[in-house]
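Please look over the model shown here.

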Protein chains: 4
Amino acid sequence: MVKAAIVGATGIVGQQFIVALKNHPWIGIAALAASERSAGRSYKEAITEASSGALRWFCQEPPIEEVMEMSVQNATELDISAIDLVFSAIESDTAKILEPKFAVDKPVISTASAFRYDDDVPILIPGINSEHAKLLEVQRKSRGWKGFITPIPNCTTIGLAITLKPIYEAFGLNAVIMTSMQAMSGAGRSPGVLGLDILDNVIPFIPGEEEKTQRETQKILGDLEGSSISTARFSVSSTCTRVNVREGHTESVFVSTRKACAVEDVARAMKEYRGSSREAELPSAPKHMILVLDDPFRPQPRLDRDTDDGMATVVGRIRKDTVLENGIKYLLVSHNTKMGAAKGAVLVAELLIRDGYIS
Amino acid sequence: MVKAAIVGATGIVGQQFIVALKNHPWIGIAALAASERSAGRSYKEAITEASSGALRWFCQEPPIEEVMEMSVQNATELDISAIDLVFSAIESDTAKILEPKFAVDKPVISTASAFRYDDDVPILIPGINSEHAKLLEVQRKSRGWKGFITPIPNCTTIGLAITLKPIYEAFGLNAVIMTSMQAMSGAGRSPGVLGLDILDNVIPFIPGEEEKTQRETQKILGDLEGSSISTARFSVSSTCTRVNVREGHTESVFVSTRKACAVEDVARAMKEYRGSSREAELPSAPKHMILVLDDPFRPQPRLDRDTDDGMATVVGRIRKDTVLENGIKYLLVSHNTKMGAAKGAVLVAELLIRDGYIS
Amino acid sequence: MVKAAIVGATGIVGQQFIVALKNHPWIGIAALAASERSAGRSYKEAITEASSGALRWFCQEPPIEEVMEMSVQNATELDISAIDLVFSAIESDTAKILEPKFAVDKPVISTASAFRYDDDVPILIPGINSEHAKLLEVQRKSRGWKGFITPIPNCTTIGLAITLKPIYEAFGLNAVIMTSMQAMSGAGRSPGVLGLDILDNVIPFIPGEEEKTQRETQKILGDLEGSSISTARFSVSSTCTRVNVREGHTESVFVSTRKACAVEDVARAMKEYRGSSREAELPSAPKHMILVLDDPFRPQPRLDRDTDDGMATVVGRIRKDTVLENGIKYLLVSHNTKMGAAKGAVLVAELLIRDGYIS
Amino acid sequence: MVKAAIVGATGIVGQQFIVALKNHPWIGIAALAASERSAGRSYKEAITEASSGALRWFCQEPPIEEVMEMSVQNATELDISAIDLVFSAIESDTAKILEPKFAVDKPVISTASAFRYDDDVPILIPGINSEHAKLLEVQRKSRGWKGFITPIPNCTTIGLAITLKPIYEAFGLNAVIMTSMQAMSGAGRSPGVLGLDILDNVIPFIPGEEEKTQRETQKILGDLEGSSISTARFSVSSTCTRVNVREGHTESVFVSTRKACAVEDVARAMKEYRGSSREAELPSAPKHMILVLDDPFRPQPRLDRDTDDGMATVVGRIRKDTVLENGIKYLLVSHNTKMGAAKGAVLVAELLIRDGYIS
């Protein structure tokens, strides 16, 4: 068993890691770390609100009994000598400082954006760009680390990149235009989205989000050439909004392909897409990398986000677009706190374990 | 005073006509018509649910006392000899049959889509394409009618066409890509959108809506050449979705302009747009045809839909788009049941009264 | 295996029966019946919307493949000679006519209210008043039927009656005052609750609901004396409202007990309540008849409705009430379309199979 | 004109004071105070988010231009020598310290609960217990102040106390049982209610709220006897919950009256209730202290909260209750951030100005 530490264990993403690792066949939770305030307390104490006795556990799945009794350590003083792998669920500012300290010795898989845009850092989606993992060796060498840092993509990027991949492979891509309708859970809880603000409303701006989706998509679908990634040569433009949905990002996508293609061709390419190698056999891999639905009223976030335990990207309404050259348009739903966060990071860990990057 | 009949008076759009005509300086309600079931009853009786005594009045504004006492007539037998103008708030199927009967003698302004795509029928937005009103004379002649039929645009088209107009005039347009997040009121009440279906959800399909926005936008911004409208030569592609919002459609728009233009130029063109003539002085005209907000978190449907009593189109987040040629992107909010329905139709009536088409 | 027919199979409650019977160890679906419109079509065809191809399947759980291929029969002409049990998921008006026709020969378990208040008809909740099943023999005799009709309680009554039972047994009851905050699914889909009406709102009236909760609670907790039920001698007064929740009724309950009791006593009585006999072993029985939570912010419908697959009643905030004699107050959450509808009816079937009423 | 200072001016309640005083005939805004962070900046700067330029203005009504240019002072150093009246919109902890400092010299009207339960402090609702204002003279004397502190009730208490008053006067009261379904705005914005937590949900606990409603109702309806208030001799028990509503608290009320009374008697007593003196003529007074609706589906928070600009309490569904002695039950809607907060405090100021307590 690979012994994992979860850093940022008391936050919502940390809790999702605990759920994603429940009964995991390859990975066990060996340490929990959080801020100084939680250090020295049992996990249960650390997530119990002192004033009311309320449990600050935010996942739909119940907490795991054994984890509740584990002691929480101070993240800045965490001893990782007996640890094989660090899952980092902390904010980007702290990640900038803490993750390199861990990476000197051990692999770090992160949900933070801090290192996503560094040249020697891949943004992995198993089955989409698994071969980018080789960049981790470049990173190890260039930074003189025994470990490495590998972040997962932004939760809005991931469904977009996954659905673009088979199109890109089969027909090439000129351009991508995307409008997102994102779930509230993507904003976390501090401060998160107030009910007062989102009720009967749409919030048309999510700071930093559009830049992330544009930049990361090009990097994920780029080619690893020697010691760096040559970003994919299609442009991406997005408008990101927040809607009154709890989980599951919906995206309205318009693409221009290089080669002309019929709607059925695109649907078939998505349906038949199986990933770059044998990733479908990884323990957390979805049964369908992409599930294409024929019902014109799908995908819907509430109905489709949980497909394959939130690991599938669900697509519908593939149609001709009449504006772009070889235009195709479709909608997708992707679970932002499953495939788009902790469980997606666990899937990356599984890939790296299988391929010998983590042991 | 122009004497107006409201046909479809008991439905939600009919009720909005009653509100829009309250204290109107030029137009008085002279007759109310609905289905046979309501005929012969007072308006109040007609909208009272027999089983519970509940009043089926759906506007936020209170009902008008005098109207409550008016008698409702059977729409198929309505005598319009003493009427100057018919506002039609009926479904498209019925409109196909009833509206031409009224138009033989009298002007009909309609919220239904039945005749929007006929060659001799303009889709008027005062201040945007007021000059298309001349087509009504062509219609009169070709059909041998004393009256005419003039429908308003689909509620999703109207904000789009309004905001495109100043861009089109100043810089030309190659292409428009739009994703809408539409309010529930657009679906009406029979059956409307169930709370069960929209809670924690987005519905990615509104049958017929995308075709309407694409076709109508090109017609509205087209040129009246002789006896027909030459549709505008830019392409439109849209994806229309429903979100958990009561009133106010939000649209994410990407445009490609003919001439290069800076973000500030587009903002200025929108801010300075005053309409094609003196429409700003019409009684129901908005103070701002287009209101451009600088706050990056605007427009929001709940905060901005009621600007100028729901008659303004509110725009924000005007930015460069990096995908389209001379790309610009922005968001807009437009009130689908004010400017986009009854009150928008009243504004058309005002234009046609002022310009002598109705008297 | 007991061979069951589902009458009203295409509606939302009928669909929930299909889900509740998936992989059932004792009961198999042998026939599906609905209105004439669906007769002769496969179940899949019957629930597919012709115009759009959309599947009108409303459960979160996916539909069952074998059932999709079954043929739907006309309910009024259904041949039940090879059937052991009829589950009725039809409206009360139709139930009044159809259910007695089936009951001449076969047992009928119904979610409709049509016969709930007849003297020879029990309203069964397994584990709460299982012994009322004996009334079915009285019914058979008095009506000359081979079968019988046994309805389940109203979905708002069921959680109330379950939580009152251990209090009633241990301390007696004088009076019960209840305010409900009910989920939208309780109103069904035709017409159901419009999103327009419930957004940012509470609807303070549900026709007929208060009378049902008052009358049924007294009958369920009454004593079977000879050939009739002597209703429980405590009064019930309720106010029933609708809130913007999809599933799970919340109820705020105030009770006056006969004997004085401490908060801990009530909590213990609820926690230790195990039902009137061995019902906990029935296949669909919840692990906890009543789950009492200590967290003061619970129960919440979204977090607690699915406890034990929606079959548990979840209670919290048990406190002293200072107004009523021996006053106690608490809140409960109960899943209105699981325990409160089809799966609750399946639990009744299991009780009646075990005890030999159905074979 | 009375010169008022608003302390806590940048928060949501402070903003509501600004709106409530717009064009006020008797009271002008002479000073704005907030925390040190805002001190020295214009009001507009103080409520503008530096990072994004977004305006943190939370009222539906637009901000007032002149106020935007006023300078904000540090509340702890505010010079009130030229001020006639302080409106306090600060949290209870800070109110405990700051309000007595202001009250040494000047009248303080507060929305905080800090002093509500002191013996020499009235909780005023103009028209309900205006005569309690005399207690302010006792307070001045006992504390040696030139000014005084007078808090308004908790936002959940106010509608309850208002509707109980005519019943209490006409029939007497034994007991009151209330379940509230409260709006999110009552929780403010720091941290407020997260959209994630309230979507598809009810939160069954609001810390401290039930105690406030119970205690304050008895004090408000008590009798001023000499130098103290003798609390009303009926008991109150409540359960307070939060629902997914933006503004407007809904309350389900059950009362036991001393004298038997018919439903019509209660309705009439409420309808005819005009307040204890001439308060209906105060500038902010509602047209209807209590508006009783006959439609059984009313009151609804979204439809009724804005009655008389949020100053009326709207009642419906008055019925017999069969559990309590002389039982009556009804529902009410009260606007928690208009009558229940700043505008309610302005109404108190008007009463005290008219009666000479403030000049």
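What follows goes from the single chain to the contacts between chains.

## Basis of the model

This is a predicted model: local features need pLDDT of at least 70, side-chain atom pairs count only at pLDDT 80 or more, and totals for chains, interfaces and linings use all residues. Residues are numbered from 1 along each chain as its sequence is written, while chains are lettered from A and ligands numbered from 1 in the order in which they are written.

## Chain A overall

Chain A holds 11 helices and 14 strands. Both are DSSP runs, numbered from the N terminus: helices are H or I with at least four residues, strands are E with at least two. The C-alpha trace of chain A spans about 60 × 50 × 35 Å along its principal axes.

## Two domains in chain A

Chain A splits into domain 1 (2–152 + 342–354) and domain 2 (155–334). The bounds come from an automatic or database domain assignment. The domain centres, taken over C-alpha atoms, are separated by 25 Å.

In chain A, 28 residues of domain 1 are in contact with 26 residues of domain 2. Contact means that the C-beta atoms of two residues, placed from the backbone, lie within 7 Å. On the domain 1 side, α1 (12–20), α5 (135–143) and α11 (342–354) of chain A each give two or more residues. α11(A) gives the most, with 7 residues. By class, this side has 14 nonpolar, 7 polar and 7 charged residues. Nonpolar covers Ala, Val, Leu, Ile, Met, Phe, Trp, Tyr, Cys and Pro; charged covers Asp, Glu, Lys and Arg; the others, Gly among them, count as polar.

## The parallel sheet in chain A

Six strands of chain A form an open sheet with parallel pairing, in the order β3-β2-β1-β4-β5-β6. Strands pair if DSSP finds at least two bridges between them. At the edges stand β3 (72–74) and β6 (148–151) of chain A; each has a single partner strand, so one side of each is left without a neighbour in the sheet. Neighbouring strands are turned by 30 degrees against each other on average, direction ignored.

Within this sheet, β4 (residues 85–88) and β5 (residues 107–110) of chain A pair in the parallel sense over 3 bridges. A:Val86 stands opposite A:Val108 in β5(A). α11(A) lies across β1 (2–7), β2 (27–34), β4, β5 and β6 of chain A, at about 150 degrees to β5(A). Axes are lines fitted to C-alpha atoms, for helices over the stretch in contact; angles run from 0 to 180 degrees between N-to-C directions.

## The sheet in chain C

Chain C has an open sheet of 6 strands with parallel pairing, ordered β3-β2-β1-β4-β5-β6. Its edge strands are β3 (72–74) and β6 (148–151) of chain C, each pairing on one side only.

Strands β1 (residues 2–7) and β2 (residues 27–34) of chain C run parallel, joined by 6 bridges. C:Val7 stands opposite C:Ala33 in β2(C). Helix α4 (residues 92–103) of chain C lies across β1, β4 (85–88), β5 (107–110) and β6 of chain C, running at about 150 degrees to β5(C).

## Chains A and B

A rotation of 180 degrees with 0.0 Å of shift along its axis superposes chain B on chain A, with RMSD 0.0 Å. The two copies are thus related as by a two-fold rotation axis. The same surface serves both copies: 100% of the contact residues of chain B recur in chain A. Copies are superposed by least squares on the C-alpha atoms of residues with pLDDT of at least 70 in both.

The contact joins 36 residues of chain B to 36 residues of chain A. On the chain B side, β7 (173–182), β10 (235–242), β11 (249–257), α10 (301–304), β13 (313–321) and β14 (327–334) each supply at least two residues. The largest share, 5 residues, comes from β10(B). By class, this side has 17 nonpolar, 13 polar and 6 charged residues.

## Chains B and C

Chain B can also be laid on chain C with an RMSD of 0.0 Å, by a turn of 180 degrees and a shift of 0.0 Å along the axis. B:Gly195 comes closest to the rotation axis among the residues of chain B, at 1.8 Å (C-alpha). Here too the same surface serves both copies, as 100% of the contact residues of chain B recur in chain C.

This contact takes 15 residues from chain B and 15 residues from chain C. The side of chain B that touches chain C has 8 nonpolar, 5 polar and 2 charged residues.
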